[in-house]
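User: I would like to go through the interfaces of this model with you. Could we take them one at a time?

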Amino acid sequence: MGKIRIWAVIFLVIAIIIGIALVPQLNKYANPGAILPSENPFMYEKSIDIMVMLLIGFGFLMVFVKKYGYSSVTATFLLVALSLPLYMLMRPYLWGSAADLSITSISMLLFAEFAAASLLIAIGGPLGRVNTNQYLTIGLLFTPLYALNEWILLSGSVIPPGAFLDTAGSISIHAFGAYFALGMIIMLTTKKEREVKIEASKGSNQFMLLGSAALWIFWPSFCSALSPVDQIPLVATNTILALCGATLATYALSTLIRGKMEVCDIANASLAGGVAIGASVANVSPGWAMLIGTVAGAISVIGYNYIQPTLQKLTGGVDTCGVHNLHGMPGVFGGLVAMVFVAFPLWQLTGIAITVILAVTTGVVVGFVVSKLGRKQQPYDDGDEFFTSEVNEEPTK
Amino acid sequence: MGKIRIWAVIFLVIAIIIGIALVPQLNKYANPGAILPSENPFMYEKSIDIMVMLLIGFGFLMVFVKKYGYSSVTATFLLVALSLPLYMLMRPYLWGSAADLSITSISMLLFAEFAAASLLIAIGGPLGRVNTNQYLTIGLLFTPLYALNEWILLSGSVIPPGAFLDTAGSISIHAFGAYFALGMIIMLTTKKEREVKIEASKGSNQFMLLGSAALWIFWPSFCSALSPVDQIPLVATNTILALCGATLATYALSTLIRGKMEVCDIANASLAGGVAIGASVANVSPGWAMLIGTVAGAISVIGYNYIQPTLQKLTGGVDTCGVHNLHGMPGVFGGLVAMVFVAFPLWQLTGIAITVILAVTTGVVVGFVVSKLGRKQQPYDDGDEFFTSEVNEEPTK
Amino acid sequence: MGKIRIWAVIFLVIAIIIGIALVPQLNKYANPGAILPSENPFMYEKSIDIMVMLLIGFGFLMVFVKKYGYSSVTATFLLVALSLPLYMLMRPYLWGSAADLSITSISMLLFAEFAAASLLIAIGGPLGRVNTNQYLTIGLLFTPLYALNEWILLSGSVIPPGAFLDTAGSISIHAFGAYFALGMIIMLTTKKEREVKIEASKGSNQFMLLGSAALWIFWPSFCSALSPVDQIPLVATNTILALCGATLATYALSTLIRGKMEVCDIANASLAGGVAIGASVANVSPGWAMLIGTVAGAISVIGYNYIQPTLQKLTGGVDTCGVHNLHGMPGVFGGLVAMVFVAFPLWQLTGIAITVILAVTTGVVVGFVVSKLGRKQQPYDDGDEFFTSEVNEEPTK
């Protein structure tokens, strides 16, 4: 039995263990049918909207790597399938009485989806250079670390309640995932891989645009997922205007800098408005939201064009999807903007610093561990792990 | 006027007849504006979510057949367009006072969508070997047979009320469609067709993954469509955890059995958790849901790898989409699991047996009738019925 | 700095100006958190559903042009990003106290989305023959003209309240956009462009079918967006049955006329039922809705086959997406049907006439202005404005 099969058995066993471990959970924490005072029945559809963002949005945004489409979508499926139950299992132990969420509350599902989103952001960094079992190992290690950071920022046990503003996770979700990626890729890029060109095709880029559209569309549900009903219109409008600003800025900056548009800029940087508005989405007015989004879009395009190449030279790590440009810098920018709205801006700054440091550090460690589990034979290629004979047939037709 | 045009006229006339027949329906049964005691206003969005499953989910899951993408999606559109109004027209006559649903209630729409889902499952069997008019003829004959089986299982007139548990249609929707397909394909596979390889391409498989993602995402709405509001969190969590279990099991089993992943396994078997949890989704706890899903995913992969080839040799029928592996066996498994939760398990078993027998038998008859309406000239090829010149251009570009 | 860069700067400045102009808006008009008496909290999800129609529906329906997929989707992103905030900015000034919508009400968002939908319909006419900055210029000029026509029809200041029935915009959204396109293309088609064949490919058509499915699925949310909760089931059922009728009629007519199906007919004309039912969707019964849809589907296929070539010869304008067949004639047909339900049918007729005349006239003027801003070097080709090296790589792989 080869290594690939042994890992398959290991993760099958892990799935069963999580299932069994969850069985008594219901009796302990659940109060099925009860809706928390903070909940409303409109949250259900938002949990579905966010699932679109996870599986179609993040999943297909990563399909741009030409020969790696099966792996990108499959890794997305698997990481969602692993991290949702894992988060649900661990959260009650970690948060304790700070937030006694039932496993069958929609709030629990939403928090688990946020963890999955952050994880999918993180794997965008080493995408194409690790095997399926390595993605799953990253998922296993990332989920508790994400939950730890979330607990530090939001539980009120470390940072005082209300001193840190991050309504829709600019810091806790986006920046954490992106800086975790930055840490990992230092350990997960070989010299040879640094020289491989990551190829796209017309078809793979078209799927990327589809993923991007899915994220754009459902972002208001991401931002308003936990909002009380009467705040939804403000949050939705702000999110949409931030995305509008970022989209227009992306067209302008991509054209200005490069002389032509780069379709990857369009698909990615247009979303930076959603990332950046996350922290203060319930506190700003729509005009400001549009301006924040415009700046975020500009930052993101500048990131793709100037900062990413520099950073790659500096650290040696290849950031396949450019998650630092889309989720890293715009996330931090959004967190900094929110300093205006908090009573003690220093706590806001502290939260951002903790997140970035914790993410990079643990990312390096996890990257190191995962790098010991083997190397992908052909980077950015489905062929190692999938039957792809049909692919080779195509040109002869 | 060729045969193809005559059929076009026939189905245009049928569309008009259904429209006219529906006109008085409103006066007779409708009470517009009234929401039934069993309904809630959240059901509307679920009816839309299920439409995503029908047109994008089932539709694009079937696009994997390389040269048959136009036909797969068009057949999906047409069968939905035929079966929704047909079911709405017939249901009041069939169920009578047992469920006096208004044609303008969302419940009626949801039940009609379930019928369409089962029909789309059924045509996944002979997919690519019949013409458009034959798909539509199958739709015409299938819809009343589906409604009959549904009435036997759920109306309380045959099986006592409460003695049969099938909350989200593991048996009535999935198993019925799949075993109907199994019956049909015995009659709808020629010797020549048995030898034709069903070809996929990178592009067609990528669309299949998109269809799969759409089904995964919206499955909780399928399962909770008829749930009272306070039960939605439990049902949604259970559905998602069942899908998580199946997805992880699919990766593990596909790798274990084949040594590499098969992208068709990933796209299909990952969904088996949703199929199997359907019957007991409102009765189990999340841990159990994950375990049921894990088993269902494993059953499905085993089906694709071992049972489908055997069954094909035995019956001579080619199951193009492998609906027996995704909807047949996991559906029956889910129905059997639900025996634990019913007062008289024998009634549950009886309902399953009736469904399988009725489906296979009527499937054979319908397959026979449809086989008499002609043969597709080129199996698995759009060219018979669509203008496809642009397809041939591609390689020269 | 080339022309392309100057335009980029201009639109960046416009984005910033709109953002700044919106800042005081909130203080002036907003009453955040207040839900208007005409609103309900279910409207939020519909605003998201309509975003799917805009970005994935209209966006990918236009991807059928083989080498123009990046531009089609990018233009969609940009026009949505421009028209939403622009409409929100202008509406309070235009409508005045007639509808004092807060910028943070979901109603405002929905009305802005309707404007964006009409704009996307309009650019379907000259699609592929203008540059990105020209699309954006069209957006700048179209949005106030659309809002003016909407105000004439629906504000009650010109046509008496209740004398014009157009619940879901057959006239105000669909016909206006389509006839505006008709006006524009007279000015935006060169002699050379009239002779260029608009090429599709299997892949691009498959994405078109995806866009079509997205529109089909979410159309009930478009039609019921502003409906009171108890009217939603009727409106949803009517919309769906109208689409069912159109889909069946499209198959029949396309086959009858051409002898085989044309995949563009299927993707487009199937939606004509949704266009036509818009005006009277809250007033007819489901049977009638299906019949109206059937007629609309037939009209649309006839349009694609006979009327479009004639019109093109007559006016010299190329209607790339055939928006006159999908949105123009079915829209007017829907508006005429609604004459049955209004107290003074002449007012209904007047509203239709005003819309068509205003749209064509202003379309010609805007087309003329835009034609002065330059010409696309390669019609129907991404290469002018996007880096597309990866596209050329494909055949060698």
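User: To start, how many residues does the contact take from chain A and from chain C?

Analyst: The contact takes 61 residues from chain A and 62 residues from chain C, where contact means heavy atoms within 4.5 Å. Please note that this is a predicted model, in which local features need pLDDT of at least 70 and side-chain atom pairs count only at pLDDT 80 or more, while totals for chains, interfaces and linings use all residues. Residues are numbered from 1 along each chain as its sequence is written, chains are lettered from A and ligands numbered from 1 in the order in which they are written, and side-chain values use heavy atoms, with hydrogens and water left out.

User: What area do chain A and chain C bury between them?

Analyst: About 5400 Å² is buried between chain A and chain C, with 76% of it on carbon and sulfur atoms. Buried area is the accessible area (1.4 Å probe) that two parts lose on being put together, summed over both.

User: Which three residues supply more of the area on the chain A side than any other three?

Analyst: They are K202(A), Y251(A) and M261(A), which supply 13% of the area that chain A buries against chain C.

User: How many salt bridges and polar contacts are there between these two chains?

Analyst: The count of salt bridges between chain A and chain C is 0; a salt bridge is a side-chain nitrogen of Lys or Arg within 4 Å of a carboxyl oxygen of Asp or Glu. There are 8 residue pairs in polar contact across this interface, both residues being at pLDDT 80 or more. A polar contact is a pair of N or O atoms within 3.5 Å; within protein, one must be able to donate a hydrogen and the other to accept it, and residues adjacent in sequence count only if both atoms are side-chain atoms.

User: Which elements of chain A give two or more residues to that side?

Analyst: These are α2, α8, α9 (232-258), α10 (263-269) and α12 (286-315) of chain A. The largest share, 18 residues, comes from α9(A). Helices (H or I, at least four residues) and strands (E, at least two) are DSSP runs, numbered from the N terminus.

User: And the other interface, what does chain A bury with chain B?

Analyst: Chain A and chain B bury about 5400 Å² between them, 76% of it on carbon and sulfur atoms. Here the contact takes 62 residues from chain A and 61 residues from chain B. Between chain A and chain B the count of salt bridges is 0, and 8 residue pairs are in polar contact, both at pLDDT 80 or more.

User: Which helix of chain A gives the largest share of the side that touches chain B?

Analyst: That is α1(A), with 15 residues.

User: How are chain A and chain C related?

Analyst: A rotation of 120° with 0.0 Å of shift along its axis superposes chain A on chain C, at an RMSD of 0.0 Å. The two copies are therefore related as by a three-fold rotation axis. They use different surfaces, since 10% of the contact residues of chain A recur in chain C. Copies are superposed by least squares on the C-alpha atoms of residues with pLDDT of at least 70 in both.

User: Changing topic, what is the phi of Y380(A), and is the residue buried or exposed?

Analyst: Y380(A) has a positive phi of about 55° although it is not a glycine. Y380(A) lies in the loop between α14 (345-371) and α15 of chain A. At 6% relative accessibility Y380(A) is buried, where buried means under 20% relative accessible area, exposed over 50% and partly exposed in between (1.4 Å probe, protein chains only).
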